[in-house]
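Here is a quick tour for someone meeting this protein for the first time. Have a look at the picture, then read on.

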Amino acid sequence: MAAILLSPTMIVLALVVLFPIISALRESLFQSGQHLDANGFIVKGSTFVGLDNYLDIFRGDTGHRFWNAFWNTTFFTVICVVLETVLGVAMALIMAKAFKGRGIVRASILVPWAIPTVISALLWKWIFQADGVFNTVLGTQVLWSTEGWQSKLSVIIADTWKTAPFIGLLVLAGLQTISAEVYEAAKVDGANAWKTFTRITLPLVRPALLVAVLFRILDTLRIFDLPFVLVGAHKDSVESLSMLAYDEASNTRYGPAAAYATVLFIYVAVVAYMFVKILGADVIGEARAKKPGGGGRRKRNGRNGGAAVTEATTVAVGAEAGRNV
């Protein structure tokens, strides 16, 4: 019965996930178009080349372009995710407060995330023009769409503005699950705002925060449309791995394009695996049972888990406050 009920989902996953992956792996082992064989004759169509497409990625000018795109992708991921996490947590803390006009503030904060990425990129492209709003406010004449640090900075600003609300939304959902009694107990024990944030808020909101950061890491590693529209193609300062694969495919070099896409897929999979294993991001919740027959125990833990965390956190804050006194 379980197999029958799961079969429609597995069929859909096989068609939209497994089949494209297998097709891309197969395509990466071929080269299409016209080329000369060993005898000097013109050969048309697809030719099996084995791992040559992968080896060519790291050779000569192609290798230089690949490593440049690789470091750009990694740089954008690290900087953007860090900034988005800090701003997202700050947004969540603001949205969680009870004050007049909170609904308007929540709606305005979430507007950037609701805007499509291409529209957002066009908006920031207009802002970053030589005679645009950004230069007018700063009193400068920086060409933000040309090669250099300014193009990287423009992508970071635009991406942070758009996707920080996403982290804020997930962290806000985590904050809603924290009981007010925890903060009241910490206040009675004499904990200040910083101790309350680091000893109560962060530990209890950590599962939601880790999932939000993981999603943003995976999304930023595949960054394409924002730098492509905002700055443009063939710009060494902002070219990412996705842009590199797109450029190869647009020039009908489907084999190398599939090889680039496969390398990016492996990179994303390794980063996701390390993030989950090292930081313990609970992506699937408590769906996996470690021991058979443990449902009742997990149910009891789920019912009383909040109280246990509350007591442990209150004791920790109280002990720390006592030491400070």
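## A residue in a loop

Where is the place of His-234? His-234 sits in the loop between helix H10 (225–230) and helix H11 (241–250). Before going further, a word on what you're looking at: this is a predicted model, where local features need pLDDT of at least 70, side-chain atom pairs count only at pLDDT 80 or more, and totals for chains, interfaces and linings use all residues. Residues are numbered from 1 along each chain as its sequence is written, and side-chain values use heavy atoms, with hydrogens and water left out.

Back to His-234: its phi is positive, about 60°, although it is not a glycine. Because its relative accessibility is 53%, His-234 counts as exposed (exposed means over 50% relative accessible area, buried under 20%, and partly exposed in between, with a 1.4 Å probe and protein chains only). Thr-252 also has a positive phi of about 60° without being a glycine. You'll find Thr-252 in the loop between H11 and H12, and at 45% relative accessibility it counts as partly exposed.

## The chain as a whole

The protein chain has 13 helices and four strands. Both kinds of element are DSSP runs numbered from the N terminus: helices are H or I with at least four residues, strands are E with at least two. Of the 325 residues in the protein chain, 34% are buried.

What about links across the sequence? Take the contacts (heavy atoms within 4.5 Å) between residues at least 6 apart in sequence: 68% of them join residues at least 24 apart.

Ile-57 is part of helix H2 (residues 52–57). With a relative accessible area of 1%, Ile-57 is buried. Not counting residues up to four places away in sequence, Ile-57 touches Thr-62, Gly-63, Phe-66, Ala-259, Tyr-260 and Val-263. Look at the pair Ile-57 and Tyr-260: they are 203 residues apart in sequence, yet 7.7 Å apart in space from C-alpha to C-alpha.

Thr-220 belongs to helix H9 (residues 193–221) and, at 2% relative accessibility, counts as buried. Its side chain reaches the backbone oxygen of Arg-216 at 2.7 Å. Leaving aside neighbours within four places in sequence, Thr-220 is in contact with Thr-73, Phe-76, Thr-77, Cys-80 and Val-81. Over in helix H7 there's Ser-154, which counts as buried at 1% relative accessibility. With neighbours within four places set aside, the contacts of Ser-154 are Phe-128, Trp-144, Leu-230 and Val-231.

## How H1 meets H12

Helix H1 (residues 2–27) packs against helix H12 (residues 254–279) at an angle of about 125°, with their axes 8 Å apart. That makes H1 oblique to H12. Here axes are lines fitted to C-alpha atoms, for helices over the stretch in contact, and angles run from 0 to 180 degrees between N-to-C directions. Angles under 35 degrees count as roughly parallel, over 145 as roughly antiparallel, 65 to 115 as roughly perpendicular, and the rest as oblique.

The crossing of H1 and H12 is left-handed (the near helix is turned anticlockwise from the far one by less than a right angle; clockwise would be right-handed). On the H1 side, the contact is made by Ile-21, Ala-24, Leu-25 and Glu-27, and on the H12 side by Tyr-254, Gly-255, Ala-258, Thr-262 and Phe-265. By class, this contact of H1 with H12 has six nonpolar, two polar and one charged residues. Ala, Val, Leu, Ile, Met, Phe, Trp, Tyr, Cys and Pro count as nonpolar, Asp, Glu, Lys and Arg as charged, and the others, Gly among them, as polar.

## H7 and its partners

The axes of helix H5 (residues 117–127) and helix H7 (residues 149–175) come within 10 Å and cross at roughly 135°. That makes H5 oblique to H7, and the crossing is right-handed. Thr-117, Ser-120, Leu-123 and Trp-124 of H5 meet Ile-157, Ala-158, Trp-161 and Lys-162 of H7. Those residues divide into five nonpolar, two polar and one charged.

Helix H3 (residues 60–96) also packs with H7, at an angle of about 45° and with axes 6 Å apart. H3 and H7 are therefore oblique to each other, and H3 passes H7 in a right-handed crossing. The contact of H3 with H7 has 20 nonpolar, six polar and three charged residues.

Notes:
A polar contact is a pair of N or O atoms within 3.5 Å; within protein, one must be able to donate a hydrogen and the other to accept it, and residues adjacent in sequence count only if both atoms are side-chain atoms.
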